[in-house]
Amino acid sequence: MTEDADSSGVSKRKVIDVIVQPDDQFRLGDFLTQSLNNVDWTEFRASVAFVKRSGTKHLKSALAAFSQRASVSISAGIDSGGTSLEGLQDLISAVLPAGKLWIYHNANSSTFHPKVFLFKNSGADDLVIGSCNLTEGGLYTNYEAGVRFKLDLANTAQRSVLLSVEAALDRWSAALPGVCFALDGVLLKKLVDLGKVPSEAMAKETEERGSADEANGSSGKDSLFKAIGVRAAP
């Protein structure tokens with residue numbers, strides 16, 4: 001944890017901390033649970049690669065209560081069969097219709113893989129960026145790492161960092177034909193029918209067979225998603 005000060009002794013940085021799992025006493029699941037139960041926060045935004053019921057079961061109640069009194073927007077990926085039907089059902093139940101949910105999937109080889117969690121009100125913020133998904137492993141038991149920031153919004157440089165994070169979250173939570181869709185029950189059914197979102201039982205069966213073909217969705221009738229170009233590696 002660090003706190004810098006300028007020559008006048010005025011703090012320039014509130015808090016930077018590191019969350020290391022599974023050994024730390026305070027893990028991402030603790031951060032999310034405590035923050036969702038904190039009535040001072042008026043906004044929660046997140047983008048994650050994978051969502052499973054093993055993770056959402058720990059947060060569903062607190063998330064539902066938060067969404068009734070504050071703003072919620074969560075974007076999730078569906079690559080590699082890592083997001084389950086049950087996990088998305090839990091998010092729909094907890095967040096909609098008051099909040100917003102998004103599915104982001106590029107049909108090219110680029111995986112949607114961010115893990116960003118932001119709580120905010122008019123004068124403060126609490127941000128974690130790391131390796132953790134909304135799964136039980138990601139929240140508690142996997143070997144994971146993340147950095148927690150409480151940026152000083154009165155500091156121009158630090159505020160610009162927050163604005164950059166919010167701009168990324170905006171890109172991942174805006175309708176983009178063939179790539180980013182608002183999630184509801186109708187879309188979820190389409191994703192299941194296309195083989196893009198497996199049930200957890202099906203995902204387990206696929207994993208045991210050692211093949212991801214079904215989890216990735218092998219249907220030739222997929223007209224929902226399209227491939228868009230991204231910057232190539234050098």
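Helix H3 (residues 85-95) is largely enclosed by the rest of the structure, because nine of its eleven residues are buried. Buried here means under 20% relative accessible area, using a 1.4 Å probe and protein chains only. Helices (H or I, at least four residues) and strands (E, at least two) are DSSP runs, numbered from the N terminus. Keep in mind that this is a predicted model: local features need pLDDT of at least 70, side-chain atom pairs count only at pLDDT 80 or more, and totals for chains, interfaces and linings use all residues. Residues are numbered from 1 along each chain as its sequence is written, and side-chain values use heavy atoms, with hydrogens and water left out.

**The nonpolar cores**
- A nonpolar core is a set of buried Ala, Val, Leu, Ile, Met, Phe, Trp, Tyr and Cys residues joined through side-chain atoms within 4.5 Å.
- The largest one has 43 residues, and Phe44 and Ile74 are among those with the most contacts inside it.
- H3 supplies the largest share of this core, six residues.
- There's also a second, separate core of eight residues, including Val116 and Leu162.

**Asparagine 121**
- You'll find asparagine 121 in the loop between strand E5 (116-120) and strand E6 (125-130).
- Asparagine 121 is buried, with a relative accessible area of 17%.
- Leaving out residues up to four places away in sequence, asparagine 121 touches Asp40, Trp41 and Thr42; contact means heavy atoms within 4.5 Å.
- Its C-alpha atom is separated by 6.3 Å from that of glutamate 43, which is 78 residues apart along the chain.

Notes:
Buried < 20%, exposed > 50% of the residue type's maximum accessible area, 1.4 Å probe, protein only.
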